[in-house]
Amino acid sequence: MKHDKLNYEWCYISGRVNVLECQLLSMNFYERLLSSQNIGNLFANLNNTHLKKYFTHVKHLYEFEMLLDDYYYDRLYEIRTLAPDTGFCDLFLIKNDVINLKNILKASISDREPDRYLRGTIDKDKLNAVWQVGVKSFPEVLNEAVLYFKGEMKYLKKAWMPFIIDLIFDSAYLKYIEFVCRDNSADIIRRYLAIYRITRVIKIIMRVLTLKLAKGPFEKYFLTGLNANNAFRELVSGSTQLSEKMLCEMLVETHCYTSPAEYENIVKILSAELSKKISYRYDIMTDNYLMDIIRPAKYTPFGAEKVFGYLCGLTTEFFNLKLVIGGLIRGVENNLLRERLRKTYV
Amino acid sequence: MIELLKLYFIQTGFGWVIIGAVFVVTVSCIGSAKGILISSSQAAGILSEKPELFGKMLVLMALPGTQGFYGFICAIMIALRTGIIGGKLTIPTTVGVSILLIAICAGVVEYLTAVIQGKAATSAINLTGKQPEEGGRAILIPALVETYAVIALLISILLITWLTREGGLSYTPQTIPLPGF
């Protein structure tokens, strides 16, 4: 997938995104939402936004997940249809395809129906075809991962399967991001994806270390393709804590080491949490850092980065809305919700 | 054929002048078309969400189109001053080549300013899309680029006029009627 479309081919969708950006909700709005005294108040607050066409009655608040899914995926598919290159939107949707695929495989191992289906690039009915014969529209690296898993299946213990399915497909998805990152012509998107990738790799590694999961399969299925002296490997191999030197090596390896100032920033943010257990704070910090990276894209008049920036903003909004509405309906304490809110794009 | 080429390109500058006129109008029009493509695509995206802004967007969409007209004016000026319209070969080779150079420079400037103005117009369109009340001020952003297109047009008109006036480089006592006219 090569993003070699001329910048002005993005003009139409950039114009549309420019208006849609104005509808994105700000941090002040979430504060207002959090200060809602009751369900009626929450509904009234939502009714003052573009979401009013989804929430037309108070009872709709109890179906918020479905309605917010409609809102998010309608926008995503609309932009995907209008964009001259579908690559960026696919990044958000293929993540769901990977989750769906993992769910199907895990469900088939334990002889049960998959519990949920997230909307992606492949229909629910066609997902089985990915497993059986492979689908052309699916990225090559993910089709390869399916083939690889098929080959390995007979050698694996049943109890390990879910863990190894996660490792193989997470690794394939991160490799797919690497390809997108390499092919991309917009600097800001390249940097975003490179840092996104490293944060996710570190998260997976730290989770394996924290949960004390078997390192053998992890090395074999997740770290395949990395050099023997790779910093990620070192991190896995022992009780090595993430040092600044190691982080620097990782950043150099993933081509996102751009300036000393930026490096210092990443180190400060990541190492604050990495010496301890991975917690929700790590996700918040990395998500916020990634948002800071992509935010300048909104000042670009047109181009792929403007559209990508909006999609990142929309994804964050989708997350924040689910968090706040879900939390308020279930009576979660405001402060707990507040500290989990991600920085917004606008 | 060789005789004709000699007549148009060596004995007179008629051929050079024709190439110059065609070049300036072609390149300027291509630039304008590209500039309008950029600005109008962006405006169409905004209008798909806010159709009520059409009036404000129209001027911004059309601004990069002016360079095409400037190229056209330049070509007409060349045709008028060098005798193409009159059908007389009164232009010496040196003047013909000079006019070709002027036309190339004017054409390139008009092309680039049209494309750049298209890009500047997208910024203004974005601003108008977000804050419609700022539409009037937003026009100034691409209009500033227009200055340089106008300067290119003016200087090319002046140079063509100076080169082709009587007593200037173009002065030539004898006129050769065009074959076939």
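**Group meeting: a two-chain predicted model**

H5 and H7 of chain B are roughly antiparallel to each other, because their axes cross at roughly 170 degrees, and an angle over 145 counts as antiparallel here.

By class, the contact between them has 19 nonpolar, 6 polar and 2 charged residues.

H7(B) has another partner, H4(B). For reference, H4 of chain B covers residues 66–82 and H7 of chain B covers residues 140–164. Their axes come within 10 Å and cross at roughly 0 degrees. H4(B) and H7(B) are therefore roughly parallel to each other. On the H4(B) side, the contact is made by B:Thr66, B:Gln67, B:Tyr70, B:Ile73, B:Cys74, B:Met77, B:Ile78, B:Arg81 and B:Thr82. On the H7(B) side, the residues are B:Glu146, B:Ala149, B:Leu153, B:Ser156, B:Ile157, B:Ile160, B:Thr161 and B:Thr164. Sorted by class, the residues of this contact come to 9 nonpolar, 6 polar and 2 charged.

If you are looking at the spacing in those lists, here is the background. An α-helix has 3.6 residues a turn, so residues three or four places apart point the same way.

Now H4(B) by itself. At 1.5 Å a residue, its 17 residues should span 24 Å, and its end C-alpha atoms are 24 Å apart, which agrees. Which residues of H4(B) are buried? They are B:Thr66, B:Gln67, B:Gly68, B:Tyr70, B:Gly71, B:Cys74, B:Ala75, B:Met77, B:Ile78, B:Arg81 and B:Thr82. What covers them includes H2, H5 and H7 of chain B. Just after H4(B) comes B:Gly83, which takes a positive phi of about 90 degrees.

H2 of chain B was in that list of covering helices, and I will take it next. H2(B) has 34 residues. From its first C-alpha to its last it reaches 48 Å, close to the 50 Å expected at 1.5 Å a residue. H2(B) is mostly covered, with 25 of its 34 residues buried.

Let me step back to chain B as a whole. Chain B contains 7 helices and 2 strands, and along the sequence they follow the pattern α-α-α-α-β-α-α-α-β. Is the chain spread out or compact? Its radius of gyration is 20 Å, well over the 16 Å that the globule rule gives for 181 residues, so chain B is more spread out than a compact globule. Along the principal axes, the C-alpha atoms of chain B fill a box of roughly 65 × 30 × 20 Å. As for burial, 47% of the 181 residues of chain B count as buried. Of the contacts in chain B between residues at least 6 apart in sequence, 83% join residues at least 24 apart.

One residue pair in chain B gives an example of distance in sequence against distance in space. B:Lys88 is found in strand E1, residues 88–89 of chain B. B:Lys88 and B:Phe14 are 74 residues apart in sequence, but 9.1 Å apart in space, C-alpha to C-alpha. B:Lys88 itself is partly exposed, with 16 other C-beta atoms within 10 Å.

On to chain A. Chain A has 16 helices and 0 strands. It has 346 residues, and buried residues make up 35% of them. For contacts in chain A between residues at least 6 apart in sequence, the share that joins residues at least 24 apart is 63%.

A:Met285 has its place in helix H14, residues 280–294 of chain A. A:Met285 is partly exposed, with 17 other C-beta atoms within 10 Å. A:Met285 and A:Lys343 are 58 residues apart in sequence and 9.5 Å apart in space, C-alpha to C-alpha.

Last, the place where the chains meet. The contact takes 18 residues from chain B and 13 residues from chain A. Which elements of chain B give two or more residues to the side that touches chain A? They are helix H2 (14–47) and helix H5 (93–130) of chain B. H2(B) gives the most to that side, with 8 residues. By class, the side of chain B that touches chain A has 6 nonpolar, 8 polar and 4 charged residues.

Technical notes:
Residues numbered from 1 in each chain as written. Chains lettered and ligands numbered in written order. Predicted model: local features only at pLDDT ≥ 70, side-chain atom pairs only at ≥ 80, totals over all residues. Axes fitted to C-alpha atoms, helices over the stretch in contact; angles between N-to-C directions. Helix = DSSP H or I, 4+ residues; strand = E, 2+ residues; numbered from the N terminus. Parallel < 35°, antiparallel > 145°, perpendicular 65-115°, else oblique. Contact = placed C-beta atoms within 7 Å. Nonpolar A, V, L, I, M, F, W, Y, C, P; charged D, E, K, R; others polar. Rg over C-alpha atoms; globule rule 2.2 N^0.38 Å. Buried ≥ 20, exposed ≤ 12 C-beta atoms within 10 Å, placed from the backbone. Expected span 1.5 Å × (residues − 1).
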